[in-house]
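Please look over the structure below before reading on. The briefing is grouped by topic.

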Amino acid sequence: MRNLILFAFLALLMTSCADKSGSNKKQADEEKVILPDVVTFNEHIAPIIFENCTPCHRPHSAGPFPFTTYDEIKAKAKTISKVTQSRFMPPWPADPTYTNFKGERILTVTEIAMIKKWVEDDCPVGDVAKIPAVPHYPEGSQIGTPDLVINFPDFTLEGNNKDHFFLVKVPFEIPEDKYVKTIEFIPGNKKLAHHMNANLIEYQPGKKKTVFNGKKIIPTNLAESADVVQTEMDNKNDDGTYPVLVPLVCNYLPGVSPAMYPEGIGGFRMTKQGTFFINDFHFGPTPKDAIDTSSHFNIFFDDKPPVRPTYEILLGSLGVAPVTPALVIPPNEVKTFTIDYQVQETMSLLTVNPHMHLLGKSFLAYAVTPQSDTIPLIRINKWDFRWQYFYTFKSVVVIPGGSRIHVEAVFDNTVNNVNNPYYPPQVIIDRGDRFDSMKTTNEMLQLILTYMEYQSGDEYLSLE
Ligand code: HEC
């Protein structure tokens, strides 16, 4: 079970999506590049693309075009060469020379050089016997057959070339309380769905007659306050008190796999009656009216309660440690803000998730122990608001009690920031007291940590 945090506070929480995906991968850089005389598709290029690109670049996935055959890949060869050299693709903002994470998608210098040479040599096909199998992606789930499927309401997306943000209620009733190992989100409109963060509202016996009343969808920009939203969605207990909310039980971003920690770590309880409160669901802009009628959760049960429960702590905007100075970014300035948090009990850290919006420029987080040792957590040299993964460490990072966690983030509110939503730049503030703090044109600075209570031996606990 995750940390049970009071509802009203969490109702305002906006974070971005998770990446707990993928394979265990190599280090970047500092390699001697030795290329074969002839670089061929079947022997050299297909393995790189299938492993690092095809998970997103395949039908019904996040990438704008598929990379599953020679023809598809050759048709984009020049662009592939360009975006791999610039490291725009595969998207992985965290600096691998600072810390490494599970499922890291980073090409080596050799792989990038190999792609470049292959394209310059006009894309030789090579020995057909050497092509690896195109990875198999099961329809409908990356994990297996779910124990339970819960559907979202239908969405109508106006073709106005603007982003759409929704607060969503997804209620359910099941025959009895269950333990959940993980939840996988499957977007209906995979082209437009961008991110989704789900919290779980649990009702204690006798507290709620029915969970199915109330508004199912409220556009985020029309939300007046957390309290009004919870009233309109009929999410409170029948006596008007707030039920318990389990934060962030499922997060989605293009290219992610659902949260999967090793056996015994994580998981939570699902009460008989409950509601997923989505805060929020973001669809990208579309020039034509569009719909989403089939977004759903795949739920995977566990027969045992979690052995090692995980907890989440949110630092910065809306969280337990303030941003210093207050997050006000004057126009035409590049400005640095910090967060400092004193760790009480020793933490076994699993995952870090940095969050900023469009003015973010760089992000750094580390811990300093009482003995003044530094424990690096994450460094993002070039912030990209499109890729805000939940980065899971390869093995548990132990932060001793009494340590200080320090975050240092730089925001660029000048015309040099191509993502600046305003021209000329305007003063941008963190409006953490209101729902519209999560609008991308406002700013936030957060670091979310997922951790367990420390047990001896956690230092050696692999998360892969
Ligand atoms: C996490 C998912 C993901 C992975 C992994 C990924 N891509 Fe992409 N790719 C995208 C998305 C989404 C876009 C559209 C981005 C945008 O328009 O901002 C994109 C865009 C592109 C583009 C078009 C860029 C342009 O300027 O038009 C190319 C080419 C590309 N990817 C190649 C690759 C290659 C090559 C790899 C592997 C080395 C890769 N991608 C890995 C999601 C991914």
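The notes below cover the overall fold, the metal site, the salt bridges and a surface patch.

This is a predicted model. The protein chain has 464 residues, and 55% of them count as buried. Six helices and 22 strands make up its secondary structure elements.

**Overall fold**

**Metal site**
- His57 (NE2) and Met89 (SD) coordinate the iron atom of the ligand, at 2.1 to 2.3 Å.
- His57 sits in the loop between helix 2 (41-52) and helix 3 (70-75), and Met89 in the loop between helix 4 (77-85) and helix 5 (109-120), so the pair ties together parts 32 residues apart in sequence.
- The site of this iron atom is octahedral, with angles of 84 to 180° among six donor atoms.
- For six octahedral donors, the ideal angles are 90 or 180 degrees.
- His57 is buried, at 9% relative accessible area, whereas Met89 is partly exposed, at 22%.

**Salt bridges**
- The whole structure holds 15 salt bridges.
- One of them pairs Arg379 with Asp95, with the closest N and O atoms 3.0 Å apart.
- That pair links distant parts of the chain: Arg379 lies in strand 18 (residues 374-380) and Asp95 in the loop between helix 4 and helix 5, 284 residues apart.
- Arg379 is partly exposed, at 27% relative accessibility, while Asp95 is buried, at 9%.
- Asp227 forms a salt bridge with Lys236, and their closest N and O atoms are 2.9 Å apart.
- Here Asp227 is partly exposed, at 38% relative accessibility, and Lys236 is buried, at 16%.
- Asp303 forms a salt bridge with Lys304, with the closest N and O atoms 3.9 Å apart.
- Asp303 counts as exposed, at 69% relative accessibility; Lys304 counts as partly exposed, at 44%.
- A network of salt bridges links Lys208, Asp234 and Asp238.

**Nonpolar surface patch**
- Val328, Val427 and Ile429 make a nonpolar surface patch of about 220 Å².
- Val328 belongs to strand 14 (residues 328-329).
- The relative accessible area of Val328 is 34%, so Val328 is partly exposed.

Methods:
Residues numbered from 1 in each chain as written. Predicted model: local features only at pLDDT ≥ 70, side-chain atom pairs only at ≥ 80, totals over all residues. Heavy atoms only, no water. Donors = N, O, S within 2.8 Å, 3.2 Å for Na, K, Ca; no water. Tetrahedral: all angles 85-135°; square planar, octahedral: opposite > 155°, others 65-115°. Helix = DSSP H or I, 4+ residues; strand = E, 2+ residues; numbered from the N terminus. Buried < 20%, exposed > 50% of the residue type's maximum accessible area, 1.4 Å probe, protein only. Patch = residues over 30% accessible without salt bridge, like charges linked within 9 Å, V, L, I, M, F, W, Y side chains within 5 Å. Areas by Shrake-Rupley, 256 points an atom, 1.4 Å probe, with all protein chains shown as cover. Salt bridge = Lys/Arg side-chain N within 4 Å of Asp/Glu carboxyl O.
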